Amino acid sequence: MYTIDLNSDLAESFGAYHIGMDEEILKYITSANLACGFHASDPVVMKKAVENCKAAGVAIGAHPGFPDLQGFGRRNMQIPPEEVKAMVMYQVGALDAFCRANHLTMQHIKPHGALYNMAGKDYALARSVCEAVAEVNPELILVAQAGSQLQKAAEELHLPVAKEVFADRAYEEDGSLVARGKPGAMITEEEEAIRRVIGMILEGKTRAITGKEIPMQADTVCVHGDGEKALLFVKRLREAFAEENITVKRLQTR
């Protein structure tokens, strides 16, 4: 029997700015990656998001990013690894306070945007992220792309790792995500997205943007909460998983 976790990046509103359809998406996912105030979110949004996750029975993870509200954390930033380590610890600690106030235990951590992508290729950066997690709570599951430097660093530090795939993103031949600015980077046709995800779960492979078949392991599937068709994607994914007898459940700790 195949099992999969379904996650989404949430709590990305800020002040008067509303982003995403969090409360609707929570009905269909098993894990939520909550922004921690650097690339998006604020204390009020974080507090409400944790309460909503608790009510929905959805596992909570920290979604730390670069200090880049204006760029939504999607711009590459050159920050020394030691600073990145401190930034990750700071953000995880902030979200953990809201979890503790609600008598919840944080499940995982997934870096956001440019931090996620850069750490996937830069070992020193990946190591700084993983050291932060290991020192704050070594039981947190590190969500990373399969085969990335982030996965390598996590395994070296004996952190539990969940390999992530994306329902709405295209891949390069090396398994990295196609940059958002390139044509074809975003998958907007829901049936295509579903076919790709099912293939990654059942067959352990997908097609890169070049058409080449590449291996792809999946422990958890991400649907971006701010995506144009995010709600439609998660609904159809749940239907497709049921049709294929794929059980949807939150990540399992070691």
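Predicted model: local features only at pLDDT ≥ 70, side-chain atom pairs only at ≥ 80, totals over all residues.
User: Why is Tyr17 called exposed?

Analyst: Tyr17 has a relative accessible area of 61%. Exposed means over 50%, so at 61% Tyr17 is exposed. Tyr17 sits in the loop between strand E1 (2–10) and helix H1 (22–25).

User: What makes the nonpolar surface patch that includes Tyr17?

Analyst: Phe14, Tyr17 and Leu69 make the patch, which covers about 320 Å². Patch residues need over 30% relative accessible area; Tyr17, at 61%, is therefore above that cut-off.

User: Why is Lys229 called partly exposed?

Analyst: The relative accessibility of Lys229 is 30%. Buried means under 20% and exposed over 50%, with partly exposed in between, so Lys229 at 30% counts as partly exposed. Its place is the loop between strand E9 (220–224) and helix H8 (230–243).

User: How far apart are the C-alpha atoms of Lys229 and Ile29?

Analyst: The separation is 15 Å, for two residues 200 apart along the chain.

User: What is the volume of the largest pocket, and which residues are closest to its centre?

Analyst: The volume of the largest pocket is about 550 Å³. Its lining has 30 residues, of which Tyr116, Asn117, Met118, Gln145 and Leu177 are the closest to the centre.

User: Which element gives the largest share of that lining, and how do the lining residues divide?

Analyst: Helix H4 (residues 113–121) gives the largest share, 7 residues. By class, the lining of the largest pocket has 10 nonpolar, 12 polar and 8 charged residues.

Conventions:
Residues numbered from 1 in each chain as written. Heavy atoms only, no water. Patch = residues over 30% accessible without salt bridge, like charges linked within 9 Å, V, L, I, M, F, W, Y side chains within 5 Å. Areas by Shrake-Rupley, 256 points an atom, 1.4 Å probe, with all protein chains shown as cover. Salt bridge = Lys/Arg side-chain N within 4 Å of Asp/Glu carboxyl O. Helix = DSSP H or I, 4+ residues; strand = E, 2+ residues; numbered from the N terminus. Buried < 20%, exposed > 50% of the residue type's maximum accessible area, 1.4 Å probe, protein only. 1 Å grid on protein atoms, 1.4 Å probe; cavity = no way out; pocket = protein on both sides within 12 Å on 5 of 7 lines; lining within 4 Å. Points joined across faces, edges and corners; volume = space filled by probe spheres on them. Nonpolar A, V, L, I, M, F, W, Y, C, P; charged D, E, K, R; others polar.
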